[in-house]
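This briefing covers how the chains of a protein assembly meet. Please look at the sequence and the structure first; the notes follow.

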4 protein chains.
Amino acid sequence: MSRRLRLGMVGGGRGAFIGAVHRMAARLDDRYELVAGVFSSDAQRSRDSGADLLLDPRRSYASVDEMVRAESARADRIDVAAIVTPNHLHHVGAKKFLEAGCHVICDKPLTTTVADASDLVSSADRAQRVLAVTYNYSGYPLVRQAKEMIAAGELGELRLVQVEYAQDWLTTALEAAGQKQASWRTDPQQSGVAGSVGDIGTHAFHLAEFVSGLRVAQLAADLSTHVAGRKLDDNAQMLLRFANGARGSLWATQIAPGNENGLRLRIYGAKGGLEWSQEEPNHLRHAPYGQPPRVIARGG
Amino acid sequence: MSRRLRLGMVGGGRGAFIGAVHRMAARLDDRYELVAGVFSSDAQRSRDSGADLLLDPRRSYASVDEMVRAESARADRIDVAAIVTPNHLHHVGAKKFLEAGCHVICDKPLTTTVADASDLVSSADRAQRVLAVTYNYSGYPLVRQAKEMIAAGELGELRLVQVEYAQDWLTTALEAAGQKQASWRTDPQQSGVAGSVGDIGTHAFHLAEFVSGLRVAQLAADLSTHVAGRKLDDNAQMLLRFANGARGSLWATQIAPGNENGLRLRIYGAKGGLEWSQEEPNHLRHAPYGQPPRVIARGG
Amino acid sequence: MSRRLRLGMVGGGRGAFIGAVHRMAARLDDRYELVAGVFSSDAQRSRDSGADLLLDPRRSYASVDEMVRAESARADRIDVAAIVTPNHLHHVGAKKFLEAGCHVICDKPLTTTVADASDLVSSADRAQRVLAVTYNYSGYPLVRQAKEMIAAGELGELRLVQVEYAQDWLTTALEAAGQKQASWRTDPQQSGVAGSVGDIGTHAFHLAEFVSGLRVAQLAADLSTHVAGRKLDDNAQMLLRFANGARGSLWATQIAPGNENGLRLRIYGAKGGLEWSQEEPNHLRHAPYGQPPRVIARGG
Amino acid sequence: MSRRLRLGMVGGGRGAFIGAVHRMAARLDDRYELVAGVFSSDAQRSRDSGADLLLDPRRSYASVDEMVRAESARADRIDVAAIVTPNHLHHVGAKKFLEAGCHVICDKPLTTTVADASDLVSSADRAQRVLAVTYNYSGYPLVRQAKEMIAAGELGELRLVQVEYAQDWLTTALEAAGQKQASWRTDPQQSGVAGSVGDIGTHAFHLAEFVSGLRVAQLAADLSTHVAGRKLDDNAQMLLRFANGARGSLWATQIAPGNENGLRLRIYGAKGGLEWSQEEPNHLRHAPYGQPPRVIARGG
């Protein structure tokens, strides 16, 4: 690496949540330099947010179209765009950057329809660019460790995959109180047709398939809404059948008091089991059948 | 209490499992004195088992019929009979003691069919005797505490009930190796039509209803068998819908390596959540919504 | 075993604490039958307590002298006496029963002076009777497992022994409020010269030596009293040097809020470490050096 | 903040440990830009390390003297120097940068003698510059929370402070095998006169005083060396007496198998207790006396 990648961002201005997380991750990796962005659909707010981040003011844009046009004209144009807007804007933003020859890092869920997702995949293929979705939990060292152990056959043939993602922040009708994150995430127009499933169930589903190496072949789901006036599901339970015959269940909820970010994965095979919890991410419990469980740590 | 209750036992001889647990529980309570039993269908084995227990040799019987007849003729006859045989013998044994005027403590599952269970209930009603099923996990102090907190409204209207019971002892085909417990528990003739559901799912189901005070109104279940040659389910996942609209899931498995006796209950309402695990039974986690979770201990 | 041992008890009447624990343990083991006792120095209270326990009223005595005399005259006299009084009465009671030919189970601490303890040992030797002290924590299956692993050399040469016993029930001056347990335990006349050290430090000390197989050769201690008006230490920290050169520390406290019965032992050698905690007694953490720690469970 | 602070670094080149941690922390904060450094006492290695970090090659220096001279001549000279060398070079490096008008961030322990530390404090005072020591564990949100709760009196008068820092990486003689970190840290010439005490005991000591707000008035220590051939202590136990009468103990060890980075603090007062562990840093256990303990989480 002779230079850092030049990163642009769509979304992530003042008051946003996930954009700042993307920026921290990019800095920690030390492979990116944030140089441009449309941080808000409001031009002044976009400029102010860019100034907070010490960007060149000429590179804080008011729209994706303006950003694509202006960056394309620069010799030091961005290499990659991070799309960190509400869900309904993922498809349009990602597509424009792919077509402009940028790699794209898109927050989850990729899009709000399967058709839109397929369309982005086609765009990325045509453009020969990377289209990455930030299923960030799959990056933990011990999640990678679990995936490798399973691929190496340490659990034997897999039989069971239990995954859950429990939160509590939507236990009350925050959206009715105007809380920004709650408002767009429970709004079908901005969030897409799924609530808890799209917001966090997608993480759980990805993690289960990513670590197990299995694909879900069939599922039965019960989505429910428990807070009065809410327009999308705030809880979902699913029965899973994997292509190899393994069984499992998935639970995603945002109304379980006492759960902050409770993503938990348990996988069992004929020869052993693995258990991992996001809230204690640096340990992985491995139980070879018939032996005492061991706790694998991240190491130094 | 001016004397201890005189306890008889059916099952629980040498090589059995749950009978010894009943006896330990009875001694801890100090309200019972074991005085008689049919400890095995083999007369000699029954006598030997009775001798191990320092019983009067005349009260170690060879059959339920003999025991009922002989005990009925004694002035110091048993007050209560504990039925701790394999499942298929619960109904016949319990019924005979009820009809003889004894109270009955029966291990779970009560019977192998709903009709048999109803018949026992009728017998108990007619005889005006207690018919108890040992859903022993409901006796933990903190399970009682949870039930009382919910009944008092501390969680508000209940929305979610997640219950699971995970074991690993049937990960391999122990029954093929002649292991006694595995053999009868995976044998449809002795165990009844359900495997993991009947053996441990019944505990999970009871605990969920007992603590929540809710009744399951609908369920969707996926029972599966993962060990070659096994005749009954060794894993079950269920979606639950409770009569009040709450949702939940139940998972019972005997093939999850690293889980010894993993009965776990989590209940969430509009005002808070409770979490309890059998493997750390003396603590109950209570999360009032919006406040730090607290850990309630059994106390001195 | 052709019959249960006949057990007598000194102390443990209504309002007492540890006597009931002895009785529960004796029933669980099923090797003892409680038949006699001096449950209180008050004759009526002793009789009432014996009645609670369904004893033959003639065997509820008013004094140790009476009990020794009466029991000695019986064919079915007690085999063993459990001494569960406040500490200052251990020596006199135990001695009389030993001299009468009974085995003795004495609660900890054995006596309040070293001279008295040596005297009891001599009495037991002369009488050829067992003199047992109930360091009950050493009976946990996983404490025994730890001891065996160390004796077998699995940790290599031992280097470090950290032991602690933290409670919180004396955080306030309960003795000033007349609480019975606090009153005698903080009273130099009844408890002996040590407070927290004698009450729980003795458990920690025993556990450390018992499991490690090492003997403490030197120690430096800082005993302190933090509750106004209290006459004995409620906190103690010690530096330990073992005969083999290992180092360690011991902490005993009864004023650490949030600690109910926090007895914890950690032992480290050249080849690995072991950690055990009384509040999660059925697990033992074993860390072979350079490998992931494993959690040994009690088993079925 | 209109620009990032320009950061220089002494130490932290290829093969080093803590320098990379400083750089990650600086990037996460996003208040610093690394622009210069002496990354090694070997000129080529310093240049190569600087190149790895994408620095301007003219600003990778071969010595502190060269760096001070060259940076002082630049308009865009560094604002602050991070000293991340072995301990014996802290004093000389820090002093030169302070005298050149730079702020200094120095890794712990500040120096190897009290006199040198006092000298640096004087230098900083004279230069009117910040001299910071990276007691990084004090920066965790829940450590700050604990400090604030104590300062606000939520625990009442403090009585007990238990702190420990247990590692296992020096269980064997890594230094004899030439492992770089072990070699200098166990070498009295480079590490200073203290081994485990200087390397990690200093963190534990600082954390105890920082959070409690108390000062240690007296201590008794037992330092020991358990690995053959090692020149410095690899284990230390201390009794602590605080100025207000509180008692405590400190344990620092690098030979306790199964402990990776086990920094743990427990503080108890008349009204409650707090417990925090570095290996689960996002939770703080608060036990108000007489109430169930609660677990305070970091929050969103």
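Contact here means heavy atoms within 4.5 Å. The model is predicted: local features need pLDDT of at least 70, side-chain atom pairs count only at pLDDT 80 or more, and totals for chains, interfaces and linings use all residues. Residues are numbered from 1 along each chain as its sequence is written, chains are lettered from A and ligands numbered from 1 in the order in which they are written, and side-chain values use heavy atoms, with hydrogens and water left out.

**Chains A and B: the interface**
- Chain A and chain B contribute 42 residues each to the contact.
- Between them they bury about 3,200 Å², 54% of it on carbon and sulfur atoms (buried area is the accessible area, with a 1.4 Å probe, that two parts lose on being put together, summed over both).
- There are six salt bridges between chain A and chain B (a side-chain nitrogen of Lys or Arg within 4 Å of a carboxyl oxygen of Asp or Glu).
- E164(A) and R266(B) form a salt bridge through their side chains, with N to O at 2.7 Å.
- On the side of chain A that touches chain B, the residues divide into 16 nonpolar, 16 polar and 10 charged (Ala, Val, Leu, Ile, Met, Phe, Trp, Tyr, Cys and Pro count as nonpolar, Asp, Glu, Lys and Arg as charged, and the others, Gly among them, as polar).

**Q237(B)**
- At 2% relative accessibility, Q237(B) counts as buried (under 20% relative accessible area; exposed is over 50%, partly exposed in between, with a 1.4 Å probe and protein chains only).
- Not counting residues up to four places away in sequence, Q237(B) touches residues of chain A including Q162(A), L239(A) and R247(A), and residues of chain B including A220(B), D222(B) and W251(B).
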